[in-house]
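Here is a short briefing on one protein chain. Look at the sequence and the model first, then read the points below.

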Amino acid sequence: MTTLVVGGAGYIGSHVVRLLSERGEHVVVVDDLSTGFRERVTGADLVELDITAPDAREKLAFHLRASGADSVIHFAAHKQVGESVANPELYWHDNIAGLATVLAACANAEVRDVVFSSSAAVYGMPDVELVTEELDPRPINPYGATKYVGEWMLTDAERAHDMRTVALRYFNVAGAGWPELADTQVMNLVPIVLDALAAGRAPIVFGDDYDTPDGTCIRDYVHVLDLAEAHIAALDYLRGDERPHRVLNVGTGTGSSVLEVIDAISRATGQEITPEIGPRRAGDPAKLVCSTDRIRGSLGWESSRTLDDIVESAVAARRDA
Ligand code: UFG
């Protein structure tokens with residue numbers, strides 16, 4: 001089996017590549033190394049290619065054919081909500097046109113199985129205890145919109161080209177499976193708090209007046225290694241006969257508040273942390289927790305790592321990388 005992983009030098013992609021090569025699969029990574037790193041790719045071939053370049057489709061189709069790939073996992077995309085609001089054109093172009101190129105190359109090379117990185121951002125601000133895939137997506141920013149459009153594109157590609165696709169809607173991903181594969185971008189809560197501590201600054205909590213037990217926002221934090229295992233399960237699902245669902249949430253089913261995450265970081269670092277309470281951040285839902293019924297039923301996958309595991313792995317990665 002050969003899998004071509006677009007964006008395989010990135011944080012999440014490199015974890016999936018590592019697991020695939022550990023189980024003896026041939027992997028080809030395609031990455032433009034704009035946010036990914038060459039050093040993250042071990043046990044796989046690396047093709048340096050920008051999927052938004054004019055000749056990307058032909059080149060990608062060539063590499064798919066030359067490697068004998070039978071599946072593709074597509075990670076490469078921009079993922080900053082704020083940036084997407086300020087510069088939607090970048091997201092339309094790179095996220096949507098990038099996916100169009102990947103799907104067209106797959107069709108050309110007759111690759112049938114595609115796993116796509118979607119996001120819980122497609123849901124917007126749902127006012128529910130647990131977010132199920134049956135909820136009508138209502139993205140509230142261009143980032144979430146590009147992910148939702150991407151899911152439609154998969155549906156069209158399935159119909160036109162006899163493809164089989166799965167879109168995984170990630171909740172809040174954090175932690176590191178291996179120190180050298182850790183998230184080096186400081187865009188999300190765990191790395192932001194660790195960065196603040198390292199700089200001797202107090203982390204800032206974006207609002208403590210939400211309708212939640214401690215007043216801070218609740219999210220579903222999933223360990224990147226659990227998420228990577230979900231991709232392996234999704235590939236096996238595509239290769240099997242039964243495939244009742246094409247859109248699956250990936251989370252743990254358990255919510256943690258911002259203060260609970262900061263407490264976990266305090267435990268893992270042995271440092272007392274006194275956060276500063278700041279104003280709310282625009283567009284933050286009070287609570288976003290994943291319903292895991294569908295992915296458990298479809299893939300037989302469930303997370304096995306806790307919030308403490310996530311935070312400890314992130315702390316260890318900063319220490320050991
Ligand atoms: N937060 C703080 N202080 C900070 C940073 C974050 O209080 O300095 C809070 C946020 O308000 C939020 C929580 O921590 O309540 C998590 O924030 P992140 O920015 O880490 O993550 P988001 O939940 O906003 O978004 C993440 C991904 C998105 C994805 C979304 C889907 O970053 O790409 O999950 O659920 F779309």
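The structure holds 24 salt bridges. The model is predicted. Two domains make up the chain, domain 1 and domain 2.

**A salt bridge within a helix**
- D156 pairs with R159 in a salt bridge. Their closest N and O atoms are 3.8 Å apart.
- Both D156 and R159 sit in helix α5, which covers residues 142-161.
- D156 and R159 are three residues apart, or about one turn of the helix.

**How the chain is divided**
- Domain 1 takes in residues 2-173 and 223-250.
- Domain 2 takes in residues 174-220 and 252-320.
- The centres of the two domains, taken over C-alpha atoms, are 23 Å apart.
- Domain 1 brings 40 residues to the contact, and domain 2 brings 34 residues.

**The area between the domains**
- The size of an interface is often given as the accessible area lost when the parts come together.
- Between domain 1 and domain 2, about 3500 Å² is buried. Carbon and sulfur atoms give 58% of that area.
- Three residues of domain 1 stand out: R18, H223 and D226. They supply 18% of the area that domain 1 buries against domain 2, more than any other three residues.

**Bridges and polar contacts across the interface**
- Six salt bridges are counted between domain 1 and domain 2.
- E229 and R305 join their side chains in a salt bridge, with 3.2 Å from N to O.

**The side of domain 1 that touches domain 2**
- Four elements each supply at least two residues to this side: α1 (11-22), β7 (172-174), α7 (224-239) and β11 (247-250).
- Which element gives the most to this side? The answer is α7, with nine residues.
- By type, this side has 21 nonpolar, 10 polar and nine charged residues.

**Around the ligand**
- The ligand is surrounded by 19 residues. The closest are N188, I204, R219, R281 and D284.
- D284 has a polar side-chain atom 2.5 Å from an oxygen atom of the ligand.
- R281 has a side-chain N or O atom 2.7 Å from an oxygen atom of the ligand.
- N172 has a polar side-chain atom 2.9 Å from an oxygen atom of the ligand.

Methods: Residues are numbered from 1 along each chain as its sequence is written. This is a predicted model: local features need pLDDT of at least 70, side-chain atom pairs count only at pLDDT 80 or more; totals for chains, interfaces and linings use all residues. Side-chain values use heavy atoms; hydrogens and water are left out. Domain bounds come from an automatic or database domain assignment. Contact means heavy atoms within 4.5 Å. Buried area is the accessible area (1.4 Å probe) that two parts lose on being put together, summed over both. A salt bridge is a side-chain nitrogen of Lys or Arg within 4 Å of a carboxyl oxygen of Asp or Glu. Ala, Val, Leu, Ile, Met, Phe, Trp, Tyr, Cys and Pro count as nonpolar, Asp, Glu, Lys and Arg as charged, and the others, Gly among them, as polar. A residue is near a molecule or strand if one of its heavy atoms lies within 4 Å of it. A polar contact is a pair of N or O atoms within 3.5 Å; within protein, one must be able to donate a hydrogen and the other to accept it, and residues adjacent in sequence count only if both atoms are side-chain atoms.
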